[in-house]
Amino acid sequence: MYRLKLDKEAARAHLCCYYDAIHSALNALADGDVIKFWHSSYKFSLATANGCVRGLFRLLLKYDSSREDSFLTAPPERLNELVRDYEHYVAVHNWNKGKTPYRECFKLLGALYSYDRFSRAKKALVFDSKKNALRNACIVNIQDARYKGEAWSPICFIKSLNVKYCPYCNAESVYAIKFDGDDIVKSARSALDHYYPISKYPFLGISLCNLVPSCTRCNTDIKGDRELDDRQHLNPYSGSLHDAVKFLCRPIDMAVAFSPEKVNSEDGFVFDVVPRADCPVNLADRGKALSDFFKVKDVYNELFKYEAINYIYKSRLVGSSYCDYVRQMLKANLTDAQIKMMFCDLVDDPSKINRVRLSKLALDMHQMVDEQWQR
């Protein structure tokens, strides 16, 4: 729920794997050349006879003019511009999505920007200019295609984002555990959600700021192939959901929240997700729309009421007298803020939210108690 930031070393490794080959292929297609794939009967020849097709590849080259400008690693604002230009181009030329040439272009783009190549095969892409042919290559054999010493892979990408829990819900891990035999335990990453679905925008299949590490519930059960729109929904790479919205637990009954024997009761407490008053309106509205899209309020009302009540109770308990008692008991010179971090399950920096489960909820419940108690 905190803004995702693309790592420069990760972006460099990604470009080493794919940029040169894709850029060369786009140039050949824009010039009307036939290209093919090694070890495949598939080849693309429409560009030779169709000026509209060549124009589409020239449009993609506009957003792929250099490594520094490639939409493989471009920020979400640049991807939004590309999506709008692409939609306009298709509409102006009245391309029927079920017929040639659009269908063939769509197929080619899916093969060129293959998500499966990156996510499963872990292959790089190489272009043979003499034969106008693309072929897969092992990433371990590509110079500089490494992130912190490891061959570039989806797991490297998720590590580079410093994410452990889903940026959409902050409730489930983006990793899984697989058992191989009796003793060997392997870490497996979850699928990467395409903010703009590749079923509609195949050229964004491996654009890093279109790939959001997410949990199975958000990615598969809720989103699936549905489309988000950056004009309406916050993109996790362009803004922080934590800054845009906050959790409230209603009604706020401090008498109940301060009674240890009543903490186990979930009756009478209902979650809400509301825009932050101190947040720019556009960011708040898009954040609320993203939260609603992923049914965050419904998920938390169904699954995490006990945790919310527990956070409220702890936050109410840790007052100045409690802090004094802890300092005396531990014989440690701790500040009130440090003690609250320890006992209220708070992260000391909002940028750590994506690494700690339900930390967004803990911070918001603590803030809610502070605001209510000051009234």
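**A look at the sheet**

Modeller: Start with strand E3 and strand E4 (residues 133-138): they run antiparallel and are joined by 6 bridges. Strands, E, are DSSP runs of at least two residues, helices are H or I runs of at least four, and both are numbered from the N terminus. Two strands pair if DSSP finds at least two bridges between them. One of the bridges links Asp128 with its partner Ala133 in E4. Helix H4 (residues 102-112) packs on this sheet, where it touches E1 (35-37), E2, E3 and E4. Touching here is a contact, with heavy atoms within 4.5 Å. The direction of H4 makes about 50° with that of E1; axes are lines fitted to C-alpha atoms, for helices over the stretch in contact, and angles run from 0 to 180 degrees between N-to-C directions.

Now the whole sheet: it is open, has 4 strands in the order E2-E1-E4-E3, and its pairing is mixed. E2 (43-44) and E3 (123-128) are at the edges with a single partner strand each, so one side of each has no neighbour in the sheet.

A word on the source: this is a predicted model, where local features need pLDDT of at least 70, side-chain atom pairs count only at pLDDT 80 or more, and totals for chains, interfaces and linings use all residues. Residues are numbered from 1 along each chain as its sequence is written, and side-chain values use heavy atoms, leaving out hydrogens and water.

Stepping back, the protein chain has 15 helices and 12 strands, and its C-alpha trace spans about 80 × 50 × 35 Å along its principal axes.
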